[in-house]
Amino acid sequence: MTTLIKNGTVVTAGDTFKADVLIEGEKVTLIGQNLAGEGHEVIDAEGLLLLPGGIDVHTHLDLPFGGTTCSDDFFTGHRAAAFGGTTTHIDFAIQPIGGTLRQGVGEWHHKAEGKACIDYGFHVAITDLRPEVMDEIPTLIDEGVTSLKLFMAYKGLFQVDDTTLFRAMLKAAENGMLIMVHAENGDVIAELVPKLLAEGKTDPKYHAVAHPALAEGEATGRAIALAGIAGAPLYVVHMTCQEAIEQLQLGRAKGLRVMGETCTQYMFVFEEDLARPGYEGAKFVCSPPVRQPKDAEILWKALADNTLQAVSTDHAVFWYEGGVKGRIPGKELGLGNFAKIPNGMPGIEDRMPVMWHHGVNGGRFNANRFVEITATNPAKIFGLYPRKGTIAVGSDADIVLWDPNKEHTISAETHHMNTDYNVYEGMQVKGWPARTLLRGQSIVVGTEWHGQQGGGAFLRRSPHAEVL
Ligand code: DUC
Ligand code: ZN
Ligand code: ZN
């Protein structure tokens with residue numbers, strides 16, 4: 001089947017130009033002017049931008065966490081992503097404690113099987129680095145997994161010590177793999193949490209007190225130093241604050257191969273939201289926690305000037321009112337104890353429109369930089385480029401027909417994520433997907449779902465982390 005998208009304006013990380021795009025099968029095969037429509041299905045994109053499908057490299061679908069499980073699975077999460085213009089994501093396959101890395105990968109394949117409707121890859125989160133697991137690391141490359149995440153927080157659950165982190169870095173460097181860290185000082189957090197609870201400080205707002213910005217900055221600096229010593233490239237996930245960004249700037253100024261991402265919510269949700277009346281603050285509990293508006297300004301600047309390379313979501317969804325109406329438990333699990341609130345926020349559907357509206361319309365960066373931080377850099381850093389992350393001859397035809405004039409009010413009433421609240425509730429944005437194509441197939445047209453469960457493909461990623 002061939003499809004010709006006519007009269008659109010192609011936006012890549014490097015260029016903006018009016019062109020017609022021919023798709024044969026799953027690939028873009030020709031980009032040119034005034035291409036003849038005969039013999040092709042023609043889609044008229046007059047007035048629309050053609051953006052590469054969004055790539056969200058930090059998500060948690062169907063993740064067991066905090067006594068429950070994330071409420072978006074590989075079907076609901078994928079459908080929501082596509083409605084928001086995201087066509088690829090990379091999820092974290094978690095090594096079961098006592099188990100192997102491949103078991104984690106196998107479990108995540110099972111979660112995606114028959115449900116996936118956009119393309120996806122996996123990072124592996126190492127939780128238990130026994131000597132035999134160390135030897136297993138390079139074998140992941142054959143599984144198409146080329147990035148490893150370690151948690152410096154969640155003591156007693158996912159947290160690894162510095163020895164483990166450093167050993168993993170050495171191994172990654174040897175094998176051309178990329179280390180990612182959740183950088184917070186978990187030992188400090190583990191001291192602060194019981195202290196606060198003993199003082200009767202149990203409300204959601206104390207989650208931020210227990211996770212200080214200095215503890216994120218400290219862990220970020222430590223991870224960068226360890227990576228520098230190991231000669232390993234490093235990608236710091238979900239960076240939230242000045243203290244952490246300063247460490248990244250310092251590392252990059254020293255010529256270390258360190259990269260970082262932030263997540264959309266850290267530019268819009270703040271500590272004051274954790275203190276909303278009643279228990280509402282629980283909606284916004286994630287780790288690292290939301291910070292101050294001054295931190296958001298630093299993140300915007302870091303995204304614009306390439307201190308940060310990407311924006312993702314850390315999409316980890318729970319019901320606000322779980323355990324009722326046939327729902328699995330959710331945020332209510334932390335009533336009376338902020339440390340028991342399942343960590344995470346929805347966002348996979350909102351990232352592209354929210355970042356477009358506030359980033360591009362807001363004058364913080366241009367449309368090319370938007371493409372770079374939402375698709376191109378994620379594809380390069382995680383071994384998917386140029387198959388994904390751009391619109392070019394030979395690339396997968398993952399294309400979002402973006403209507404820069406379409407206005408939309410974000411709401412849980414109309415979103416597709418499997419939860420009862422939206423972090424951006426009531427936010428008015430201008431710029432919305434008119435159509436989303438995955439490998440040449442229209443999976444969303446306007447408000448209609450055309451995707452297919454099982455239509456998403458697992459992406460075997462290349463072993464080389466491109467370092468910017
Ligand atoms: N942070 C979250 O908020 N949720 C899932 C895991 C994480 O690190
Ligand atoms: Zn994390
Ligand atoms: Zn995460």
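Student: In this predicted model, which residue takes a positive phi in the hairpin of β2 and β3?

Tutor: Strand β2 (residues 16-24) is joined by five bridges to strand β3 (residues 27-32), and the two run antiparallel. Two residues lie between these strands in the hairpin. The residue with a positive phi, near 65 degrees, is Gly25.

Student: Which residue in β17 stands opposite His408?

Tutor: Strand β16 (residues 399-409) is joined to β5 (residues 49-52) by four bridges in an antiparallel arrangement, and Leu50 faces Leu401 there. β16 also pairs with β17 (residues 428-438) in the antiparallel sense, over eight bridges. In β17, the residue opposite His408 is Val429.

Student: Which residues coordinate the zinc ion (ligand 3), and what spacing do its donors follow along the chain?

Tutor: The zinc ion (ligand 3) is coordinated at 2.0 to 2.2 Å by His58 (NE2), His60 (NE2) and Asp314 (OD). Along the chain, the spacing of these donors is H-x1-H-x253-D.

Student: Are His58 and His60 buried or exposed, and how far apart are the zinc ion (ligand 3) and the zinc ion (ligand 2)?

Tutor: Both His58 and His60 are buried. The distance between the zinc ion (ligand 3) and the zinc ion (ligand 2) is 3.5 Å.

Methods
Residues numbered from 1 in each chain as written. Chains lettered and ligands numbered in written order. Predicted model: local features only at pLDDT ≥ 70, side-chain atom pairs only at ≥ 80, totals over all residues. Heavy atoms only, no water. Donors = N, O, S within 2.8 Å, 3.2 Å for Na, K, Ca; no water. Buried < 20%, exposed > 50% of the residue type's maximum accessible area, 1.4 Å probe, protein only. Pairing = 2+ DSSP bridges.
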